[in-house]
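Please look over the sequence and the structure before reading on.

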Amino acid sequence: MTHVAPNAAFVPRPAFAGLAPYLADAPKAALHLADNTNQFGTPPAALHAIRTAATADLSEYPPSSGPQLREAVADYLGVAPNEVVLGCGGDNVIDCAFRAFCEPGQRVAFPDPTFVMARYFTVSNGLTPVAVPVRGDGSADTTALLETEARILYICAPNNPTGMQPPVAELRMLLERATGIVMLDEAYAEFAGETLVREVVRQGRAIVVRTFSKAFGLAGLRLGFAVGAEPLILEIEKARGPFAVSNVALRAATAALTSDLPWVRDRVRQVLAARHEFVRLLHERHFTPLPSAANFVLVPVTDSRAVAQRLAEQGIGVRAFTQLTGIGDAVRITIGPPEAMHRVADALAALAA
Ligand SMILES: Cc1ncc(COP(=O)(O)O)c(C=O)c1O
């Protein structure tokens, strides 16, 4: 029998070394353009559902898997409710899927750069990250991703932080040829106007990750979901466990989907128009933002930390990235109302001058 000394010193898991910085909050500036959230607010029906929550919504447990919201999501995307699993944000869905589909040590491949939490959950789950550099034009190298033969191929469409949308033909190739499981992260699909959700369900060895945090303006509620063939969805649900989504979140998101899709679509149109104008202003000021299909743009700069710091001093919060593979330093800026974007473009130009 092994003897465990009482009060033995706590030894952290080596895999967790280096993860703490990911937990740091971005300071909330007056104009918070750092998290790609909805700068036009929250669907009114969702807000109403929260304001009129009943005592039982708080004193009782929610349904284990949120059947009503799964039905609403299924209607929204043209799939079946048992092809949808809910989680506490898209982050939680990614985490659960990694645990559901991988044994410790197996490899997860993703483009570099991509959504930082892909690496985070790979490492925190004892899996091996395989970062595949983007091509010279910033696009995901789907051929190189396939060549890794990793257990999971994660790809983000549009990609965060570049904003670039991988061509549909390449995503289809990935789905056709992958030997492992494809995780297609469509957190920004409402802005790109493109989804492969139905093909993914048919393919049977892939899942799509979606969220209520972006176009749906509900980041604070923490609600995301995965869509895929039923056997995969059931495995993710097992890894997640019951009661992961609160009654209030379920009610609000169901209200948003059933009553406020026109609100969401209208705000998406506003974001796209504001992005178009912002990009034009940036070019006019000699910046070269990457082509974006999302609600943010990535702008290469010489010293991203200094730029973010100076903008923060003016009440503008953006996300600084240092030495991104193939891109260098850059700041990622969420698209908000036109007046705000004019202000940001002018502030950037003043810094560069
Ligand atoms: C690509 C991508 N996927 C997933 C998420 C997770 O969103 P949430 O956990 O808020 O649903 C984000 C959030 O920034 C994201 O950018």
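In what follows, a helix axis is a line fitted to C-alpha atoms over the stretch in contact, and angles run from 0 to 180 degrees between N-to-C directions. The model described here is predicted.

**Helix packing**

Helix α13, residues 304-313, and helix α14, residues 338-352, have axes that come within 11 Å and cross at roughly 125°. Angles of 65 to 115 degrees count as roughly perpendicular and those over 145 as roughly antiparallel, and α13 and α14 are therefore oblique to each other. Their crossing is right-handed. On the α13 side the contact is made by Val307, Arg310 and Leu311, and on the α14 side by Ala347, Leu348 and Leu351. Sorted by class, the contact of α13 with α14 has 5 nonpolar residues, 1 charged residue and no polar ones.

Helix α14 also packs with α12, at an angle of about 20° and with the axes 10 Å apart. Angles under 35 degrees count as roughly parallel, and α12 and α14 are therefore roughly parallel to each other. The crossing of α12 and α14 is right-handed. From α12, the residues Ala274, Glu277, Phe278, Leu281 and Leu282 meet Pro338, Met341, His342, Val344, Ala345 and Leu348 of α14. This contact of α12 with α14 divides into 9 nonpolar, 1 polar and 1 charged residues.

**Cavities and a pocket**

Rolling a probe the size of a water molecule over the atoms shows where empty space is left. How many cavities of 30 Å³ or more does the structure hold? There are 2 of them. The table gives their volumes.

| Cavity | Volume |
|---|---|
| Largest cavity | about 70 Å³ |
| Second largest cavity | about 30 Å³ |

The lining of the largest cavity is made up of Pro111, Val134, Gly138, Ser139, Ala140, Asn159, Thr162, Met164, Gln165 and Pro166. By class, that lining has 5 nonpolar and 5 polar residues, with no charged ones. The second largest cavity is lined by Pro63, Ser64, Ser65, Gly66, Leu86, Arg240, Ala244, Val245 and Leu250. Its lining has 5 nonpolar, 3 polar and 1 charged residues.

The second largest pocket holds about 300 Å³ of space. Of the 15 residues that line this pocket, Tyr76, Ala189, Glu190, Arg210 and Arg265 lie nearest its centre. Helices α3 (67-77), α8 (189-192), α9 (197-203) and α12 (261-284) each supply at least two residues of the lining. Which helix gives the largest share of the lining of the second largest pocket? That share, 5 residues, comes from α12. By class, the pocket lining has 7 nonpolar, 2 polar and 6 charged residues.

**Backbone features**

Most residues other than glycine have a negative phi, and most peptide bonds are trans. The peptide bond from Asp112 to Pro113 is cis, with omega near 10°. Pro113 sits in the loop between β3 (107-112) and α5 (116-124). Another cis peptide bond runs from Asn160 to Pro161, with omega near 15°. The loop that holds Pro161 is between β5 (152-156) and α7 (168-177).

Is the phi of Arg222 positive or negative? Phi of Arg222 is near 60°, a positive value in a residue other than glycine. Arg222 is found in the loop between β7 (206-211) and β8 (224-228).

Definitions and conventions
Residues are numbered from 1 along each chain as its sequence is written. This is a predicted model: local features need pLDDT of at least 70, side-chain atom pairs count only at pLDDT 80 or more; totals for chains, interfaces and linings use all residues. Side-chain values use heavy atoms; hydrogens and water are left out. Helices (H or I, at least four residues) and strands (E, at least two) are DSSP runs, numbered from the N terminus. A crossing is left-handed if the near helix is turned anticlockwise from the far one by less than a right angle, and right-handed if clockwise. Contact means heavy atoms within 4.5 Å. Ala, Val, Leu, Ile, Met, Phe, Trp, Tyr, Cys and Pro count as nonpolar, Asp, Glu, Lys and Arg as charged, and the others, Gly among them, as polar. On a 1 Å grid over the protein atoms alone, a cavity is a set of points where a 1.4 Å probe fits but cannot get out, and a pocket is an open set with protein on both sides within 12 Å along at least five of seven lines; lining residues have an atom within 4 Å of a point. Grid points are joined across faces, edges and corners, and a volume is the space filled by probe spheres set on the points.
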